[in-house]
Amino acid sequence: MNHVKTALDLQDATEELKTQGIVTVEGVFSAEEMRTFRGLLDRTIAEANRVDEYKGRPTDKLLGKSKDTVWLLWELYAVCEGGLRFSRHPAIVSVLERTLGEPVRHASIGTMFDKVAGGDAEIGWHQDTFFIVDPPKGREVDLGGYWTQFGHVHVRPDHIDWQEDYFRKTIIVRINVDPQTIENGAMKVLPGSYLEGPLELAGESGGLADYVAAHEHEAVDSIAGEGSVTFYYPTMLHSSAVSEAPPGVHRRAAAHRVRAESLEIPGWEWPVDWPEGAERIRPESGFDLDPLS
Ligand SMILES: O=C(O)CCC(=O)C(=O)O
């Protein structure tokens, strides 16, 4: 297993993240804590599944289905009551602040991925090279060329004047609620890819398809234990296969993006309709393993 640290190695984890673009810290959450989080996620999905609109969001947009399984829950931390505190574990906040060198805020509300046995959910190689933003107040923006979701705009690198590597100021946090195994469709990464920057800015040759063709043999399975946390940069190419696990097996992971507090995307504003996302992220106490206590 590559890129794995124990929960107390936070300085080491930071160094590994900065130099390798990805690190998994094992043992951040206890089995009991993950049982609680799993229960909150399952309850959210069950409640949303019973109605057409859940907490102000249309259920058919909030849940992603694959055969008769639910494998995606968008806007995770806004709709899963009690879930947000897990994303504020002191070990998580510490790795983020050490890596980015300043306080951090949300760059996404979060998404739960669950490769459920019997589903056919599969995700091809991609980078998460977009920012979820709003048009500036009072300025008319033609949103025709953009993907919008839940009232926000997904701005991609080729939409803006790309002056610096915004993706080195943004980190994806993935809480591995269930064990992530090859059998249940663990995420795979192409380790060196995060250094390439957004591949959509590469010219005709040298884009994503060429990079994958040249490097797919280097793919690493992000195998991870229950209660571990994986951190990686959004330009890390990642994918995941269908779960081949026996019936009843879930592979829940809760992922959200965090940005350096000072990061601005010129011409756009960070959303403020989810107040927690607009505030500085502060560590919460009361976890079984608390490196700050
Ligand atoms: O967990 C997975 O299956 C893949 C996650 C993913 O593609 C993403 O976070 O963008």
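How far does a polar side-chain atom of Asp-128 lie from an oxygen atom of the ligand? The distance between that polar side-chain atom of Asp-128 and the ligand oxygen is 3.3 Å.

## Basis of the model

This is a predicted model, in which local features need pLDDT of at least 70 and side-chain atom pairs count only at pLDDT 80 or more, whereas totals for chains, interfaces and linings use all residues. Residues are numbered from 1 along each chain as its sequence is written, and side-chain values use heavy atoms, with hydrogens and water left out.

## The ligand site

Taken alone the ligand exposes 290 Å², of which the protein buries 95% (accessible areas by the Shrake-Rupley method with a 1.4 Å probe; for residues, only the protein chains shown count as cover).

The residues surrounding the ligand, each with a heavy atom within 4 Å of it, are Phe-113, Lys-115, Ile-123, His-126, Asp-128, Arg-174, Tyr-232, His-238, Ser-240 and Arg-251. The ligand sits in the largest pocket, where a pocket is an open set of points on a 1 Å grid over the protein atoms alone, reached by a 1.4 Å probe and with protein on both sides within 12 Å along at least five of seven lines, and where sitting in it requires more than half of the molecule's atoms to lie within 2 Å of its grid points. Strand 9 (123–126) and strand 17 (237–240) are the elements that give two or more residues to the shell around the ligand (strands are DSSP runs of E with at least two residues, helices runs of H or I with at least four, numbered from the N terminus).

## Salt bridges across the chain

Side chains of opposite charge can pair when their charged atoms come close. The whole structure holds 13 salt bridges, each a side-chain nitrogen of Lys or Arg within 4 Å of a carboxyl oxygen of Asp or Glu. One of them joins Asp-42 to Arg-252, with the closest N and O atoms 3.1 Å apart; Asp-42 belongs to helix 2 (residues 31–49) and Arg-252 to strand 18 (residues 252–260), 210 residues apart. Arg-252 also meets Asp-178 in a salt bridge of 2.7 Å, N to O, and because Asp-178 lies in the loop between strand 13 (170–176) and strand 14 (187–190), this pair ties together parts that are 74 residues apart in sequence.

Arg-252 is buried at 6% relative accessible area and Asp-178 is buried at 5%, whereas Asp-42, at 34%, is partly exposed (buried is under 20%, exposed over 50%, partly exposed in between, with a 1.4 Å probe and protein chains only). Arg-38, Asp-42, Asp-178, Glu-226 and Arg-252 are linked in a network of salt bridges.

## A further charged pair

Glu-261 and Arg-105 meet through their side chains in a salt bridge of 2.9 Å, N to O. Glu-261 lies in the loop between strand 18 and helix 7 (275–278), while Arg-105 lies in strand 7 (residues 104–106), so the pair connects parts that are 156 residues apart in sequence. Glu-261 is buried, with a relative accessible area of 16%, and Arg-105 is partly exposed at 22%.

How values were computed: Polar contact = N/O pair within 3.5 Å; in protein donor to acceptor, adjacent residues only side chain to side chain. 1 Å grid on protein atoms, 1.4 Å probe; cavity = no way out; pocket = protein on both sides within 12 Å on 5 of 7 lines; lining within 4 Å.
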